[in-house]
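Here is a short report on one protein model.

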Amino acid sequence: MTHQRPPKVREDILPESSSAAPAYIDNLEVVLVRPKESGNVGSCARALGNFGARHLTVVGMDWFDRSKAEKRAVGASWLLDHVRFVDTLDEAIADCAFVYGTAGRAHRHRRTITARSFADDA
């Protein structure tokens, strides 16, 4: 007997019924800067979908392979329909009130903040 796996994204926070997500999530814009591959966009879409977020902007990506992104977007491929592609970071954050960035490594010229201090600011 074959069992179907449950969806990876909660059905109650899909775009049709996103009222289940906290109201502040609608104001969240996640920006990926020069992702190395389309799969990274899909992974980000999956994470956003898990929290009910719907706004994803990609900066500086000249190519996009939808099929590779969908493989990692598991359950959130609907979000890929709404990804905004822009050329510059300035364009991506032009209408944002607060901007926080993350990086894979520490740098001596960057201020480090904790997740708690970020949440307090937000």
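The sections below go through the model by topic.

## Basis

This is a predicted model, in which local features need pLDDT of at least 70, side-chain atom pairs count only at pLDDT 80 or more, and totals for chains, interfaces and linings use all residues. Residues are numbered from 1 along each chain as its sequence is written, and side-chain values use heavy atoms, with hydrogens and water left out.

## Largest pocket

The largest pocket has a volume of about 2000 Å³. Of its 41 lining residues, Val 99, Tyr 100, Gly 101, Thr 102 and Phe 118 are the closest to the centre. A pocket here is an open set of points on a 1 Å grid over the protein atoms alone, where a 1.4 Å probe fits, with protein on both sides within 12 Å along at least five of seven lines; lining residues have an atom within 4 Å of a point. Volume is the space filled by probe spheres set on the points, and grid points are joined across faces, edges and corners.

Strand E1 (30-33) and helices H1 (38-51), H4 (89-93) and H5 (115-121) each supply at least two lining residues. E1 gives the largest share, 4 residues. Helices (H or I, at least four residues) and strands (E, at least two) are DSSP runs, numbered from the N terminus. By class, the lining has 25 nonpolar, 8 polar and 8 charged residues. Ala, Val, Leu, Ile, Met, Phe, Trp, Tyr, Cys and Pro count as nonpolar; Asp, Glu, Lys and Arg as charged; the others, Gly among them, as polar.

## Nonpolar core

The largest nonpolar core has 17 residues. Val 41, Ala 45, Leu 48, Leu 56, Leu 79, Leu 80 and Val 83 have the most contacts inside it. H1, strand E2 (56-59) and helix H3 (77-80) each supply at least two core residues. H1 gives the most, with 4. Such a core is a set of buried Ala, Val, Leu, Ile, Met, Phe, Trp, Tyr and Cys residues joined through side-chain atoms within 4.5 Å.

Thr 57 lies in strand E2. Thr 57 is buried, at 0% relative accessible area.

Ile 93 lies in helix H4. At 22% relative accessibility, Ile 93 is partly exposed. Buried means under 20% relative accessible area, exposed over 50%, partly exposed in between (1.4 Å probe, protein chains only). Ile 93 and Val 31 are 62 residues apart in sequence, yet 8.2 Å apart C-alpha to C-alpha.
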